[in-house]
Amino acid sequence: MAVRVRGLIKSYGNVHAVRGVDLTIARGEVFALLGPNGAGKTTTVEILEGYRRRDGGEVEVLGLDPQRQRARLKKRIGIVLQSTGIDSYLTVSETVAMYAGYYPHPRPVGEVLELVGLTEKQDSRVARLSGGQQRRLDVAIALAGDPELLFLDEPTTGFDPSARHEAWQVVENLTSLGKTVLLTTHYMDEAEHLADQVAVIAGGRIVAEGTPATLAGRDTARAIVGYRLPDAVAAPPRFGGAPGSDGLIEFAPDDLTAALHQLTGWAMDHGVALDGLRISRPTLEDVYLRLTGTAPDETDTVPDGTAGERPNGEQR
Ligand SMILES: Nc1ncnc2c1ncn2[C@@H]1O[C@H](COP(=O)(O)OP(=O)(O)OP(=O)(O)O)[C@@H](O)[C@H]1O
Ligand SMILES: [Mg+2]
């Protein structure tokens, strides 16, 4: 196991940010932590990194306690904070080389830049990089020490679609090197594309965990059949009856195969087309919204003005 967390608790004054979180992350796995703003993702991740102190619970990261064995852990993990400030006067390769210098067995700078797709920008000053390129540099810095485990807190927030797909490629490159990745994201497609396992956290508690495909019974949820008919034709009640306001007729059959056979047979007999015929199951976003919409949110919802900064006394 790369990460084992049992009963993790953390409060900031009277804000109960994390209220008994359990997590297990296997080595070589990509694990995504999903949850609304203020759910406790960054708090959890930063406790695992050794940058925040926990109030209670057991935490083991690469076999170490991040609170008591932080120095040993630091050499073996890579971190991308939710937001970072790096010295913008250096060039890209100087920056990565500087961070590599802190580690016992760094990965060669050229290889790191290749992994994150910044080879062509190696001599550019950091100040000249676009937002997406700076984020890649954040990942490059996290990779400089050739870590076993990477923490990526919202690695693609603010990226354009193609930059996000390129970032996914970076994460895939990492897993092919056998690295373990813990990421947080607000993008369901990102979790679906990258994660082996996902956990949804809301109000400081894990409310669901599983693979993206099976989370909260997604895979076994009943399929919904949808189609449209010409205005003059009415659908029999067993095939959904009256259309919704968007003209779509929907029904959720017990036996999908039989229902489709009967529906298409009925349409052929009546000489009508089933426009836009589709079969849908809940998307990851559907189950996410259901899980987080109903989850108790008892934390004080103070706007999080602390993104990327360390609490007092816990500076990097
Ligand atoms: N240093 C701090 N001092 C006081 N309260 C804090 C501090 N850091 C976080 N909090 C509070 O703890 C709760 C959890 O915050 P956290 O940053 O872990 O959420 P998050 O899931 O990462 O949210 P987001 O998606 O917005 O990044 C929030 O209510 C937040 O306001
Ligand atoms: Mg956060």
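**Entry 1: confidence**

pLDDT is the predictor's confidence in each residue, on a scale from 0 to 100. I started there, as this is a predicted model. The chain averages a pLDDT of 89, with 91% of its residues at 70 or more.

**Entry 2: domains**

Next I checked how the chain is divided. Domain 1 takes in 3-217 + 286-294, and domain 2 covers 222-280. I noted 45 Å between the centres of the two domains, taken over C-alpha atoms.

Which order do the six strands of the open sheet follow? I read it as 5-6-7-3-8-9, with mixed pairing. Strand 5 (77-80) and strand 9 are the edge strands, each pairing on one side only. On average, neighbouring strands of this sheet are turned by 15° against each other, direction ignored.

On one side I found strand 3 (residues 30-34), parallel to strand 8 over four bridges. Leu-34 has Val-200 of strand 8 as its bridge partner. Strand 8 also pairs with strand 9, this time in the antiparallel sense and over five bridges. There I picked out Val-198, which stands opposite Gly-210 of strand 9. Strands 8 and 9 make a hairpin with two residues between them. Gly-203 sits in that turn, and I noted its positive phi of about 55°.

Then I moved along to strand 6 and strand 7 (residues 180-185), a parallel pair with five bridges. Asp-153 stands opposite Thr-184 in strand 7.

**Entry 3: helices on the sheet**

Which strands does helix 1 lie across? I found helix 1 (residues 41-49) across strand 3, strand 5, strand 6, strand 7 and strand 8. Helix 1 runs at about 155° to strand 6. Helix 6 (residues 161-176) packs on the sheet as well, touching strand 3, strand 6 and strand 7. The direction of helix 6 makes about 155° with that of strand 7.

**Entry 4: helix 8**

I checked the span of helix 8 (residues 256-270), which has 15 residues. From first C-alpha to last it reaches 21 Å, close to the 21 Å expected at 1.5 Å a residue. Just after helix 8 comes Gly-271, with a positive phi of about 65°.

- Asp-146 has a phi of about 50°. I placed Asp-146 in the loop between helix 5 (131-143) and strand 6 (149-153). Is Asp-146 buried or partly exposed? I counted Asp-146 as partly exposed because it has 19 C-beta neighbours inside 10 Å, and buried would take 20 or more.
- Ala-216 also shows a positive phi of about 50°. I found Ala-216 in the loop between strand 9 (205-210) and strand 10 (224-228). With 18 C-beta neighbours inside 10 Å, Ala-216 goes down as partly exposed too.

Conventions. Residues are numbered from 1 along each chain as its sequence is written. Chains are lettered from A and ligands numbered from 1 in the order in which they are written. This is a predicted model: local features need pLDDT of at least 70, side-chain atom pairs count only at pLDDT 80 or more; totals for chains, interfaces and linings use all residues. A residue is buried if 20 or more other C-beta atoms lie within 10 Å of its own, exposed if 12 or fewer, and partly exposed in between; C-beta atoms are placed from the backbone. Domain bounds come from an automatic or database domain assignment. The expected span of a helix is 1.5 Å times one less than its number of residues. Two strands pair if DSSP finds at least two bridges between them. Axes are lines fitted to C-alpha atoms, for helices over the stretch in contact, and angles run from 0 to 180 degrees between N-to-C directions. Two residues are in contact if their C-beta atoms, placed from the backbone, lie within 7 Å.
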